[in-house]
Amino acid sequence: HKLACAFMAAEDYSHGAVCLQKCSALDPANGTEYHELLQEMRIRQWFVPECKDLKISVQYWGTPKRRGLYVKKQVFESEELFRESPAVCLQSYCSKKQYRMCGYCLRSCMRAEDVVRTIFTKEDLPRIRNLCEAVGYEWPPKIDPPQVPCPHCDEEIYCSANCQTKAWESFHSVLCPCGDPDHPVAHFNAWAYAQPDPYRHVYLELTLKMCAMVL
Ligand SMILES: [Zn+2]
Ligand SMILES: [Zn+2]
């Protein structure tokens with residue numbers, strides 16, 4: 001679900017250090033030259049333009065090192081190397097039934113103990129205390145309800161007023177059924193919730209959202 005990510009340096013690297021290599025293994029018995037050319041092409045097409053203004057670059061050294069991350073200027077531990085933001089992201093309907101995430105940034109809107117309670121049953125209750133603690137270690141900073149709901153429908157919640165405003169300006173003003181059961185999106189939602197295979201319509205949801213963003 002976490003499509004927006006920041007890549008941080010794990011430790012200090014000085015100029016020229018290779019901090020990651022062999023990202024993609026090739027099958028030596030199977031058309032190596034062709035695959036190596038393809039790797040080089042992908043690096044030039046995708047990574048070279050992406051890394052133009054960054055302290056790192058992706059380079060290709062041929063067999064056996066192949067593709068790796070190359071440090072152009074010194075980076076320090078925990079320094080953010082680059083941040084990637086998706087053009088569009090969404091939480092699928094089937095996942096919404098169990099977990100609630102921010103309708104804009106996908107940050108979790110549930111506390112660790114809420115998530116544990118959706119996974120475990122009453123019989124597990126005596127163990128839940130410890131489980132909550134264990135999950136809490138890995139959990140993002142605690143967000144206490146109430147979250148910020150869309151003021152016009154009960155479909156979406158957000159982690160902050162800022163995300164609610166951004167979502168409304170970006171796509172939700174088009175997609176919000178505003179409590180109207182005859183709104184086309186209300187029909188789509190009813191249909192989507194009723195599907196036996198919940199992942200089949202994720203692509204439709206994404207397409208709908210992309211259309212809303214350019215309208
Ligand atoms: Zn958010
Ligand atoms: Zn709404």
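Student: Why does H172 count as buried?

Tutor: In this predicted model, H172 has 4% relative accessibility, so H172 falls in the buried class, which is defined as under 20% relative accessible area, with exposed over 50% and partly exposed in between (1.4 Å probe, protein chains only). C176, at 2% relative accessibility, therefore also counts as buried.

Student: Which atoms are the protein donors of the zinc ion (ligand 2)?

Tutor: They are C150 (SG), C153 (SG), H172 (NE2) and C176 (SG), lying 2.0 to 2.4 Å from the zinc ion. Donors are N, O and S atoms within 2.8 Å of the metal (3.2 Å for Na, K and Ca); water is not among the atoms, so sites may look incomplete. Along the chain, the donors have the spacing C-x2-C-x18-H-x3-C.

Student: What makes the arrangement around the zinc ion (ligand 2) tetrahedral?

Tutor: The 4 donor atoms subtend angles of 106 to 114 degrees, so the arrangement is tetrahedral. Four donors count as tetrahedral if all angles lie between 85 and 135 degrees.

Student: How many nonpolar, polar and charged residues are in the lining of the largest cavity?

Tutor: The lining divides into 11 nonpolar, 4 polar and 5 charged residues. Ala, Val, Leu, Ile, Met, Phe, Trp, Tyr, Cys and Pro count as nonpolar, Asp, Glu, Lys and Arg as charged, and the others, Gly among them, as polar. A cavity is a set of points on a 1 Å grid over the protein atoms alone where a 1.4 Å probe fits but cannot get out; lining residues have an atom within 4 Å of a point.

Tutor: Residues are numbered from 1 along each chain as its sequence is written, and chains are lettered from A and ligands numbered from 1 in the order in which they are written. Local features need pLDDT of at least 70, side-chain atom pairs count only at pLDDT 80 or more, totals for chains, interfaces and linings use all residues, and side-chain values use heavy atoms, with hydrogens and water left out.

Terms used
Four donors count as tetrahedral if all angles lie between 85 and 135 degrees; four count as square planar and six as octahedral if opposite donors are over 155 degrees apart and all others between 65 and 115; anything else is irregular.
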